[in-house]
Structures are given as structure tokens and as C-alpha cells.
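Reader: Please look closely at one part of this structure, the contact between its two chains, and then at what lies behind that contact.

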Amino acid sequence: MSTTSLLAAASSSSAAGFLGVDWSSIAEVCVVTLVATVAIVTIFSVGLRLLSIGSPDDGGEIAGHGALTSRPAAATLGGYVCVGIGGAAVLYGIYLVVPLFH
Amino acid sequence: MSVLVIVLMVIVIALIFDFTNGFHDTANAMATSVATGALKPKVAVLLSAVLNLVGAFLSTQVAKTVSSGILTEDSKGLPHITPVLIFAGLVGAVLWNLGTWWLGLPSSSTHALFGGLIGAAIIGSGVSAVDFSGVLSKIVLPAVLSPFIAGAVALIATYIAYRVTKLSEVHGAKRGFRHAQTVSASLVSLAHGTNDAQKTMGVVTLTLIVSGYQASNTGPQIWVILICGLAIALGTYTGGWRIMRTVGKNITDVESPQGFAAETSSAATLLISSNLGFPLSTTQITSGAVVGAGLGKRLASVHWNTVSKIALGWVVTLPAAALAGGGAAWLAGTGAIGLAAVVVVAVAGGGTFVLLARRHPVSHENVNDDSSTATGRPLADVSTGSSTSSDSSKG
């Protein structure tokens with residue numbers, strides 16, 4: 001259980017800073033959140049883009065990219081890896097939510 | 001009046017609060033998924049309800065420390081509050097939650113709860129019963145920071161999602177984003193369950209402890225966990241459609257890449273902040289993320305007058321609930337008749353909001369209507385003419 005570490009983190013926040021606030025932990029939250037979200041969204045979007053190779057765009061101009069062509073195996077693999085990384089991030093999220101796991 | 005009667009009254013009003021908490025916060029996790037059609041409305045609330053129930057059983061850490069840092073404690077480690085004051089505080093919180101629901105405002109149930117308790121504690125035990133520096137660092141500051149952090153992250157994430165997928169025109173992108181959005185929204189729902197159901201458990205447990213039915217420094221009993229989990233899940237399933245329409249449609253018309261970016265930002269902000277020991281508030285995170293997602297798409301318009309109404313609601317929530325809780329505490333403090341009067345006022349007030357809401361109902365059927373065409377009034381009347389386009393430069 002991480003009760004103790006959570007409590008320690010909570011009590012350390014009262015230790016320092018202007019207005020009794022631990023500003024460095026806020027800055028940490030900002031940076032980690034930004035990096036994690038941007039990484040997940042970018043990787044997942046790249047995955048969707050890779051998996052779309054060879055298919056005409058949805059909607060838009062009818063001419064588009066023309067007929068369906070086959071997708072290179074590398075693009076397929078890369079696409080699934082990217083989507084898989086997104087899935088792994090979700091599993092890690094569940095791990096963080098459930099205290100029994102840590 | 002016997003202590004047992006008061007304790008039972010607290011448990012009943014706590015469960016009612018938990019129920020309102022559930023339907024108030026369904027929108028947090030599910031509004032964008034309903035708006036983009038990633039989930040059918042009924043499926044979304046069912047999923048959210050189940051995840052809230054599951055979440056209630058996963059952790060009881062918050063429940064043990066619900067009032068610590070907000071209310072000052074005596075030598076035995078108990079806050080200066082009695083069951084009657086807790087009851088009064090909860091009445092204030094419930095009334096505020098129902099009022100904001102009627103208006104369709106996504107206000108924080110946590111702020112309503114603590115506002116009510118703070119107001120009641122001040123009336124009952126004096127100003128010294130409240131730890132104001134704790135209120136600032138644990139409630140006010142997180143509420144101010146949350147929307148900006150989550151909003152900025154969602155803005156960048158939305159921009160990237162649109163850029164990489166050519167405005168999500170590439171084949172399968174919309175569908176892919178919808179699936180991903182459902183998953184990240186579910187994570188938000190689960191995290192919400194582990195947080196909010198516990199706050200009610202904490203209040204019930206606190207009541208049992210201060211009235212001598214339970215030893216201090218013990219966690220919630222299993223029946224408390226069960227009824228609180230069920231109450232919040234039932235509330236969630238009922239669906240706060242009024243608030244969902246505000247978040248999913250009236251702030252900005254959310255598309256699936258925006259929904260994905262907003263929910264991913266919300267989930268990340270929520271999980272990372274609570275794991276780094278600086279918990280932020282769910283309501284403020286998710287609303288901020290939706291605004292950010294609206295700004296992240298070029299040409300997208302954010303309805304700033306809706307946003308400003310929501311922001312005003314956030315500012316007012318804690319003091320308003322404190323006033324209501326304080327008033328109830330003052331009335332209840334006059335004796336049994338006063339307490340009965342509080343019950344009457346609570347039922348009448350709550351009933352009024354429910355009846356008012358019935359005049360312009362929002363249900364799973366019209367949750368996605370644009371409010372300018374819908375008959376509903378909640379928050380409403382956001383005519384497109386009054387909105388401002390955030391960024392009309394294309395590029």
C-alpha cells in the first residue's frame with residue numbers, strides 16, 4: 001500500500017512555500033501531465049495515421065487519394081504498436097487508480 | 001433528541017447528497033462521449049455508474065481523512081463538529097447541488113460538501129473550527145489551477161490530434177478517436193468513483209465516530225461502503241443530462257478528436273495530480289479540458305458566456321453552500337423544532353428545484369440538442385450570436 005507515501009507527500013506539501021503551498025509539486029504535476037498527455041495523444045494519432053495509409057480519406061474531396069491500395073506491412077505494424085502503446089498507458093492508468101496494486 | 005435519530009438522519013441526507021453527487025458528476029466523465037456519439041447516452045451513464053460503484057470499493061484512503069486539513073481537530077484528533085452540524089452542512093450541500101443542476105452548471109460537489117460543512121462548523125463551533133490555510137491550499141488553489149492546467153494540456157493535445165490526422169479526415173480516424181475517447185472517459189469515471197464516493201463514506205464514518213458508534217481512527221465499515229457506492233452509482237445512472245448538455249454541447253460542440261484529447265488530458269491530470277500528492281478537482285479539470293479542446297481546434301468557437309457562467313458558479317459554490325449549511329446549522333441549533341424546520345426547508349427547497357427542472361426537462365433523448373434549438377432552458381439560451389469565435393485564422 002502506498003498510504004504512507006501518499007500521506008508523506010501530502011504532509012510535505014504543508015512544509016514549504018508561499019501561502020503554505022508546495023509550488024514545486026504543482027510544477028511537477030503540470031510538466032508530467034503535459035508530457036504524458038502529449039506523448040499518448042501524439043503516438044495514438046500517429047498510429048491512426050499509419051493505419052489509414054492506403055485508404056482514401058473519409059469525406060472531403062471524392063478524388064482524394066484515389067482507390068484503395070495495399071498498406072505496407074511496416075505501416076500496419078507501426079500503427080498497431082502505436083495503438084498498443086495507448087492501451088498500455090490505459091493499463092498503467094488503472095494501476096495508478098487501484099491502490100491494491102501498489 | 002436521541003443521538004441515534006440524528007445519526008440516522010445524517011445517513012439519509014448523506015446518501016441523498018451522494019446521489020446528487022453522482023448525477024452532478026456524470027457529465028465530468030461522459031459528457032464528451034455522449035456529445036460525439038462515441039457512446040449512446042444510456043450506455044454512457046450505465047458504464048459510468050458501474051465504474052463508480054467499482055471505484056467505491058477500490059480504495060478507502062480518502063474516506064479516512066475526509067475532513068483533515070479543512071476542519072481543525074481537538075486533542076483526540078476529531079474535528080469540532082457534531083452530528084447535527086454535519087446534518088446541517090449536508091442539507092446546504094444538497095440544496096446547492098440541486099440548484100446548480102437545475103441551472104445545468106457543472107459545479108464541484110466536493111466544494112458544495114466542504115462549503116456546507118464549513119458553514120455549519122462556523123455557526124456551531126466558531127471560526128476556529130475551520131482551518132483556513134487548509135481550505136486555501138486544499139480547496140481554493142486546486143480549483144483555480146485545475147482548469148488552466150487541464151485546459152492548456154487539452155489545447156495542445158487537440159491541436160496535435162488534428163494535425164497528425166489531417167483534421168481527422170484520414171480513414172478510420174474518427175472511429176479510432178471515438179473508441180479511444182470511450183476508454184479514457186471510463187478511466188476518468190473509475191478515478192471519480194475512487195474519490196467522490198469516499199467523501200460521503202468519510203462523512204458518514206465521521207458521524208459514527210463523533211457520536212460514539214465507532215472507534216476513532218478506523219476506516220468506513222463495509223455497509224457504509226456498500227450504501228455509499230450504490231447511492232452514487234444510482235445517481236450517476238439517473239444521469240445529469242442538464243449538466244451533460246452544458247459540458248458536451250454548450251461550451252463548445254465537441255468532436256471525437258477533441259473528446260479524446262479532453263478525456264485523455266482529464267484522466268492524466270486527475271491521476272498524476274493525485275499520485276504526486278497534489279490532488280486537483282475533477283469538475284474543474286474536465287470542464288477546463290473541454291474548453292482547451294475547443295480552443296485547440298482552429299475555427300472552433302468556445303461559448304465564452306457559458307464558460308463565464310460556469311466559472312462564476314465555481315466561485316460561488318463554496319460560500320453559497322457555506323451560507324446554506326450555516327443557516328441550517330443555526331436553525332437546527334435552536335432545538336428539535338428547529339431541526340424539524342431544517343428538514344421541511346430542505347424537502348421544500350429540493351422539491352422546488354426538481355419541479356423547476358421538470359418544466360424544461362433534459363433527458364437522454366435531447367441531451368445532444370443545441371440549446372438554441374432545444375426547448376430546454378438550462379444555462380441556456382446560449383445563442384450562437386453571443387458567442388465569440390476563439391480563433392478564426394486558418395492555417
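Author: The contact draws 43 residues from chain B and 43 residues from chain A, two residues being in contact if their C-beta atoms, placed from the backbone, lie within 7 Å. This is a predicted model, in which local features need pLDDT of at least 70, side-chain atom pairs count only at pLDDT 80 or more, and totals for chains, interfaces and linings use all residues. Residues are numbered from 1 along each chain as its sequence is written, and chains are lettered from A and ligands numbered from 1 in the order in which they are written.

On the side of chain B that touches chain A, two or more residues each come from α6 (132–164), α7 (173–210) and α10 (256–275) of chain B; helices are DSSP runs (H or I, at least four residues), numbered from the N terminus. The most come from α6(B), with 12 residues. By class, this side of chain B has 25 nonpolar, 15 polar and 3 charged residues. Here Ala, Val, Leu, Ile, Met, Phe, Trp, Tyr, Cys and Pro count as nonpolar, Asp, Glu, Lys and Arg as charged, and the others, Gly among them, as polar.

The largest nonpolar core has 147 residues. Such a core is a set of buried Ala, Val, Leu, Ile, Met, Phe, Trp, Tyr and Cys residues joined through C-beta atoms within 7 Å, buried meaning that 20 or more other C-beta atoms lie within 10 Å of a residue's own. Helix α1(B) gives the most to this core, with 17 residues. Among the residues with the most contacts inside the core are B:Ile13 and B:Val94. Leaving aside neighbours within four places in sequence, B:Val94 is in contact with B:Ile13, B:Ile16, B:Phe17, B:Thr20, B:Ala346 and B:Gly350.

Terms used: Buried ≥ 20, exposed ≤ 12 C-beta atoms within 10 Å, placed from the backbone.
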